[in-house]
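This report covers strand pairing and helix packing in one protein model. The sequence and the coordinates are shown first.

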Amino acid sequence: MKQLSIYLPPFAGDYSGACSALFDFNCLILIQDAACCTRNYVDYDEPRWDRTKRTTLCAQLRTMDAVLGRDDKLISKAVQAAGELHPDFIALMGGPVPAVIGTDFPGIAREVEAQTGIPALGLPTTGFSSYTSGIELVLSALIDRFTAPPSDKVPDGVNVLGLTPLDFGNTGNDRAIRQALEERGFGVVCSFSMGVGLEEVRRAASAQVNLVVSRSGLRAALEMERRFSIPWVAGVPIGTLGADRLAALLRASILDGRSWSFSVASDAPSDIPPLLLIGDQVAANSLRASLLLNGDRRPLAVASFFGLAPQLALPGDLALESEAHLLRLLKKGAFSGMIADPLITHLPPVRWRWWTSFPHPAVSSNLYWDKVPLIMGDTMDRTLRRWAAERP
């Protein structure tokens, strides 16, 4: 019962994260879901449907077929669809019912590939994990299957890892990140997973450094560091000063081969209740760093419902276990205010406190995904300076 949410909706699930990470590819996505999870993704977790259509299909198996493990029907549908659509590759995934009965998606993918001759990925999504897990599965599978060792390196080449609308919306932040890098002398080799194709994935190992823009990209960065000796920097260019500092870290990483987290610690007295920044860990870290670079003198703490990677966390950062966990902290008066998704800032104990909204589509879905602010430009610079100057 501790996972019960009274005020917050269910967050985006792992199959939504996987589908989002695959959206820009010429890929056949087939979800074995007993007729519900595909609609959750299409209606509530994907803001790009109104601009571009992609082939994401429900297997349309009856619940009893899924429960009885009729893998032959899923294979038959995948083979038929692939014959009609001619995708570059096929991705097969599931929801709660296949997870409960232990459906072997990697095994099904091997059978589909054998019958079609098209590369097939079996992704064991369950619907019980968060969207970050689905993105991690996809990035790891793409790199493992398609990324080849480089013949040479692209000078100042950067891969962007963990970029999806579930963290950044569809308001232009993918283009803003690319532009911020290019204006500072870097070239984007592969952007996982907005504005990307299979050819970019194949040559991703030729980059000199990886930029991890969300926690869901960290696992892929660690794998590429191990396999291809590519260092990484975890951070998001938020505002001009933040982008400049992040570019300096990327340069340092290329020169010395070390990996870095874009984190800046506050020097404010520790007895002052901190301002809480709730969201994806990497994005919230970067927001904290950008606020401090713009003159904020408050103690700032990062918190996330989607886990904290220890190598990216500072003392005082929090992994939120549930809505109830956050409510207990707020009722104790442990924080002076917060920057978070609007659904979080409007939790009952927060209404009388200082707060400002920063929408996170994985939390509030289509309610606010068109309100995600552009993280670069004059408007964001002014906003950071205003937030930095305000006091609860």
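Axes here are lines fitted to C-alpha atoms, for helices over the stretch in contact, and angles between N-to-C directions run from 0 to 180 degrees. The model is a predicted one.

Two packed helices are described by the angle between their axes and the distance between the axes. For helix α13 (residues 281–293) and helix α17 (residues 378–389), the axes come within 9 Å and cross at roughly 75°. Angles of 65 to 115 degrees count as roughly perpendicular, and α13 and α17 are therefore roughly perpendicular to each other. On α13 the contact is made by Leu 287, Ser 290 and Leu 291, and on α17 by Leu 384, Trp 387 and Ala 388. Of the residues in this contact, five are nonpolar, one is polar and none is charged.

An open sheet of five strands is arranged in the order β6-β5-β7-β8-β9, with parallel pairing. Its edge strands, β6 (187–192) and β9 (260–261), each pair on one side only. Helix α9 (residues 173–183) lies across β5 (157–161), β6 and β7 (209–212), and runs at about 160° to β6.

| Strand pair | Bridges | Facing residues |
|---|---|---|
| β3 (residues 89–94) and β4 | four | Leu 92 and Gly 122 |
| β8 (residues 232–234) and β9 | two | Ala 234 and Ser 261 |

In strand β4 (residues 120–123), Ala 120 and Gly 122 point one way, while Leu 121 and Leu 123 point the other way. All four of these β4 residues are buried.

How values were computed. Residues are numbered from 1 along each chain as its sequence is written. This is a predicted model: local features need pLDDT of at least 70, side-chain atom pairs count only at pLDDT 80 or more; totals for chains, interfaces and linings use all residues. Side-chain values use heavy atoms; hydrogens and water are left out. Angles under 35 degrees count as roughly parallel, over 145 as roughly antiparallel, 65 to 115 as roughly perpendicular and the rest as oblique. Contact means heavy atoms within 4.5 Å. Ala, Val, Leu, Ile, Met, Phe, Trp, Tyr, Cys and Pro count as nonpolar, Asp, Glu, Lys and Arg as charged, and the others, Gly among them, as polar. Buried means under 20% relative accessible area, exposed over 50%, partly exposed in between (1.4 Å probe, protein chains only). Two strands pair if DSSP finds at least two bridges between them.
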